[in-house]
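I am opening a notebook on a structure that is new to me. These are my entries on what I looked up.

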Amino acid sequence: MLKKAKKKTAVLLSTILLASSFSVVAAPLAQPVEAAETKAVNPSAKAHDQKVIARVSTERMFEDARYLAETIGPRVTGTEGEQKAAEFILERLASYGYEVETQEFGIPDKGVGHLQTSDNKEVLVTIPAGSGGTPNDGITAGLFDAGLGKAGDFTPEAKGKIALIARGGITFAEKVNNAIQAGAAGVLIYNNVDALAPLNPSLGGTSFDIPVGGITKESGEALLKDVAAANKTVNFNVQLLKNVKSQNIIASRTPEKGSNHEIIYVSAHFDSVPFAPGASDNASGTAVALELARVLKSYPIDKEIRFVFVGAEEIGLVGSKYYANQLNEEELKRSLVNFNMDMVGTAWENATAIYMNTIDGKANIATDTALATAERIGTPSELILYQRGASDHQSFYDVGIPAVNFIRREPGTAALEPYYHTPLDTMKYLSAERLKEAGDLVGASIYSLIRN
């Protein structure tokens with residue numbers, strides 16, 4: 001059992017509306033039931049808030065996000081980009097005087113692919129788990145239009161060629177198996193709906209000896225035009241990476257006096273999906289967490305604070321699961337709450353609300369504290385309590401730690417920005433003002449819980 005913390009500030013939701021079986025929406029913050037009482041009990045709260053807000057730098061957060069998204073670029077799990085991001089975070093935290101730990105862990109083997117046409121056009125391709133590899137120079141071959149990839153869609157002409165297959169009709173694994181039976185040298189599966197990012201086909205745990213890739217509908221239709229041209233070929237290169245590692249970067253600070261202090265965790269993931277610079281997802285959350293580490297590095301505190309920057313989130317919360325499962329029984333007993341930030345800075349105009357996602361859709365110490373803080377500091381965006389996992393707060397919750405994920409969404413629909421997981425997740429669509437809003441809200445909330 002976790003210790004129940006005494007809440008320094010508390011605001012009850014005046015009304016909670018059940019939006020659906022999946023989501024819970026918090027009532028507006030205009031008239032919190034206990035707001036007046038909270039101010040009376042703690043008249044210095046606003047002054048303490050300003051100690052954080054006045055120091056949170058919009059410019060520094062924006063430039064840190066830019067460095068991650070543009071200087072480093074895509075930070076795919078297990079790649080050099082993710083490693084560079086980890087090194088950047090580690091060096092920054094060490095410069096602030098924190099005790100910093102690098103926590104390495106293994107990830108599933110993966111493939112990295114390149115696809116190039118004979119007229120030197122690069123085609124974005126995703127390599128699914130279970131794909132075979134190629135020689136270092138790849139394979140160069142003509143294309144065969146295999147329709148939906150059913151057995152009857154193949155002819156003897158498919159032998160030695162790369163089968164171009166449309167999504168739909170049968171499973172991806174069946175498509176690949178039929179291509180192998182026909183003697184194809186490789187498989188490219190293109191989407192049947194428009195999307196900015198390449199299709200990521202799931203092979204259902206089956207491994208194949210030939211290379212397999214996923215591409216967009218647009219790319220597939222463009223390649224279909226080359227099928228009939230005898231002199232048109234593509235070079236398909238898939239390199240399999242084995243024994244790959246990722247890492248978490250953890251910075252800790254403990255009070256000067258006493259021992260066995262309660263622990264507050266502040267987390268954000270720094271990896272991104274293939275081809276995405278990951279400005280919003282999640283250079284934004286990483287940049288805010290880094291800035292809060294700077295702001296909170298020297299104030300007197302009465303609780304332990306841990307900034308946990310995790311890798312491998314995009315392949316199934318692997319980094320945060322590893323971190324949370326490494327916590328021992330004594331640490332778990334001292335664990336108070338997790339504040340997680342993911343996609344907090346999008347400039348998408350429809351994302352006017354800050355969603356506070358909890359796994360069970362219920363309020364906890366993090367959401368109560370954030371609501372109280374928002375009322376005090378006048379957070380301009382609506383705060384919405386919502387039932388949702390799909391980020392690193394899930395891993396903390398799973399080991400018994402109250403947790404919340406702060407993320408910007410469209411009110412009502414809960415939609416994410418249209419640039420999500422695409423090559424358009426760039427600094428063009430990141431808002432400096434919303435980074436500041438997240439930094440002020442989360443930073444002041446954390447400080448209200450840890451200040452001495």
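Where does N260 lie? I found N260 in the loop between β12 (245-253) and β13 (263-269). Helices (H or I, at least four residues) and strands (E, at least two) are DSSP runs, numbered from the N terminus.

Before going on, I noted the ground rules. This is a predicted model, where local features need pLDDT of at least 70, side-chain atom pairs count only at pLDDT 80 or more, and totals for chains, interfaces and linings use all residues. Residues are numbered from 1 along each chain as its sequence is written, and side-chain values use heavy atoms, with hydrogens and water left out.

**Backbone.** I looked up phi for N260. N260 is not a glycine, yet its phi is positive, about 55°. Next I checked a peptide bond. The one from D281 to N282 is cis, with omega near 5°. N282 is found in helix α7. Most residues other than glycine have a negative phi, and most peptide bonds are trans.

**α7 and α12.** I turned to helix α7 (residues 279-295) and helix α12 (residues 432-450). Their axes come within 10 Å and cross at roughly 45°. Axes are lines fitted to C-alpha atoms, for helices over the stretch in contact, and angles run from 0 to 180 degrees between N-to-C directions. α7 and α12 are therefore oblique to each other. Angles under 35 degrees count as roughly parallel, over 145 as roughly antiparallel, 65 to 115 as roughly perpendicular and the rest as oblique. α7 passes α12 in a right-handed crossing. A crossing is right-handed if the near helix is turned clockwise from the far one by less than a right angle, and left-handed if anticlockwise.

Which residues of α7 meet α12? I listed S284, V288 and L292 in α7, which meet L435, A438, G439, V442, G443 and I446 in α12. Contact means heavy atoms within 4.5 Å. The residues of this contact divide into six nonpolar, three polar and no charged. Ala, Val, Leu, Ile, Met, Phe, Trp, Tyr, Cys and Pro count as nonpolar, Asp, Glu, Lys and Arg as charged, and the others, Gly among them, as polar.

**α2 and α12.** Helix α2 (residues 45-53) also packs with α12, at an angle of about 130° and with the axes 9 Å apart. That makes α2 oblique to α12. The crossing of α2 past α12 is right-handed. From α2, the contact uses H48, D49, K51, V52 and I53; from α12, K436, D440, G443, A444 and Y447. I sorted the residues of this contact into four nonpolar, two polar and four charged.

**Largest pocket.** How much space lies in the largest pocket? I noted about 1,100 Å³. Of the 37 residues that line the pocket, V76, K110, T126, I127 and P274 are the closest to its centre. A pocket is an open set of points on a 1 Å grid over the protein atoms alone, with protein on both sides within 12 Å along at least five of seven lines; lining residues have an atom within 4 Å of a point. Grid points are joined across faces, edges and corners, and a volume is the space filled by probe spheres set on the points. β4 (110-117) gives the most to this lining, with five residues. The lining divides into 21 nonpolar, twelve polar and four charged residues.

Technical notes: On a 1 Å grid over the protein atoms alone, a cavity is a set of points where a 1.4 Å probe fits but cannot get out, and a pocket is an open set with protein on both sides within 12 Å along at least five of seven lines; lining residues have an atom within 4 Å of a point.
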